[in-house]
Amino acid sequence: MGDQLRLPATGPLLALLVALGAAKMPTTAAPATAAAVAAPRLGVRASSRDAAPDAGALRITVLFDNTVADPRLRAAWGFAALIEHRGHTVLFDTGGDAGVFGPNLDSLGIDPRHIEAIAISHAHDDHIAGLAILAAGGRRVLLYALPAFPAAFRERFGSAFRLADAAPGQELSPGVFTTGELVDPAVGVPEQSLVIPTDSGLVIVTACAHPGIVAIVRRAVAMYHAPVYLVAGGFHLLQKSDVELDAIIAEFRRLGVRRVGATHCTGERAIARLAAAYGQDFVPMGAGRVLLIGG
Ligand SMILES: [Zn+2]
Ligand SMILES: [Zn+2]
């Protein structure tokens with residue numbers, strides 16, 4: 001594909017392949033250096049959902065985002081990602097517009113019937129609107145909510161889904177865990193994030209990060225006592241000054257955050273600052289992006 005881009009490998013054990021929707025693993029190795037033999041590959045490809053990921057690999061597909069990585073998809077405000085790991089599939093959030101979410105699934109060839117469970121980060125509409133697509137068919141898929149979600153959420157979705165309240169550290173799908181409910185008292189929006197331990201470290205997937213992106217990463221590190229390979233999703237840094245952003249980046253470094261994929265509510269200025277700070281370890285996001293980690 002003409003838009004294939006391969007970035008230098010920098011991590012220890014696992015491959016991180018960033019792809020735009022597609023079929024095969026890279027056919028060429030990462031740039032050959034003496035240290036690169038067992039190093040991961042980080043690349044951007046134009047379609048790689050055709051082949052199932054290796055059994056040990058983690059595949060994260062961005063289904064809904066404010067920007068697109070794959071021109072077949074549409075962008076709208078919100079976030080959703082499909083997590084495929086150890087042969088199982090869990091959906092994390094559903095975006096802010098069912099009329100965009102459904103066609104995006106179709107464009108990627110994703111059959112909603114293959115979704116085994118859904119985790120909703122928080123009850124804001126830009127993360128739950130796509131549930132309307134998944135409510136059809138009478139499957140009553142398991143939906144992990146949080147104890148503090150409003151009654152209106154349970155009334156709206158309780159008949160179409162099997163609602164369960166996720167607890168901190170609960171395994172939502174094999175190898176995929178939740179931070180459980182986190183809330184910044186000054187903000188008051190309870191939210192959960194996903195944590196997937198890998199051989200290279202923790203992969204943390206955030207939605208809007210209303211509890212604070214640093215608080216989320218701290219929680220994950222405290223729970224799993226491992227370095228952080230990747231934090232990807234919305235970081236909610238729109239209101240932060242450059243000084244505050246630099247402090248957050250410094251704290252990421254202190255916590256061992258190796259790579260970041262900031263998108264959605266992070267804000268363009270914050271995304272640019274994170275991209276500048278992380279360089280080749282900044283992972284571009286957008287609807288249609290596929291992250292393949294390990295395997
Ligand atoms: Zn929100
Ligand atoms: Zn959001």
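Reader: What kind of crossing does α6 make as it passes α7?

Author: A right-handed one. Keep in mind that this is a predicted model.

Reader: Which residues meet where α6 and α7 pass?

Author: From α6 come Asp242, Leu245 and Ile249. From α7 come Ala270, Arg273, Leu274 and Ala277.

Reader: Why is Leu292 called buried?

Author: Count its neighbours. Leu292 has 28 other C-beta atoms within 10 Å. The cut-off for buried is 20 or more. Leu292 passes that cut-off, so it is buried. Leu292 sits in strand β16 (residues 290–293).

Reader: What makes Arg86 partly exposed?

Author: The count again. Arg86 has 14 other C-beta atoms within 10 Å. Exposed needs 12 or fewer, and buried needs 20 or more. The count for Arg86 falls in between, so Arg86 is partly exposed. Arg86 lies in the loop between β5 (80–85) and β6 (88–92). Its phi is near 50°, a positive value in a residue other than glycine.

Reader: Why is Arg140 called partly exposed?

Author: Arg140 has 13 other C-beta atoms within 10 Å. Arg140 is found in the loop between α3 (131–135) and β8 (142–145). Phi of Arg140 is positive, near 50°.

Reader: How do you know that the span of α5 is close to the expected one?

Author: Helix α5 (residues 213–224) has 12 residues. From first C-alpha to last, α5 reaches 17 Å. At 1.5 Å a residue, 16 Å is expected. His225 follows α5, and its phi is positive, near 50°.

Reader: Which residues of α5 are buried, and how do you know that they line one face?

Author: They are Ile213, Ile216, Val217, Arg219 and Ala220. Seen down the axis of α5, these buried residues fall within an arc of 155°, so they line one face of the helix. They pack against β12 (194–198), β13 (201–206), β14 (228–234) and α6 (242–254).

Methods
Residues are numbered from 1 along each chain as its sequence is written. Chains are lettered from A and ligands numbered from 1 in the order in which they are written. This is a predicted model: local features need pLDDT of at least 70, side-chain atom pairs count only at pLDDT 80 or more; totals for chains, interfaces and linings use all residues. Helices (H or I, at least four residues) and strands (E, at least two) are DSSP runs, numbered from the N terminus. The expected span of a helix is 1.5 Å times one less than its number of residues. The arc is that of the directions from the helix axis to the C-beta atoms. Two residues are in contact if their C-beta atoms, placed from the backbone, lie within 7 Å. A crossing is left-handed if the near helix is turned anticlockwise from the far one by less than a right angle, and right-handed if clockwise.
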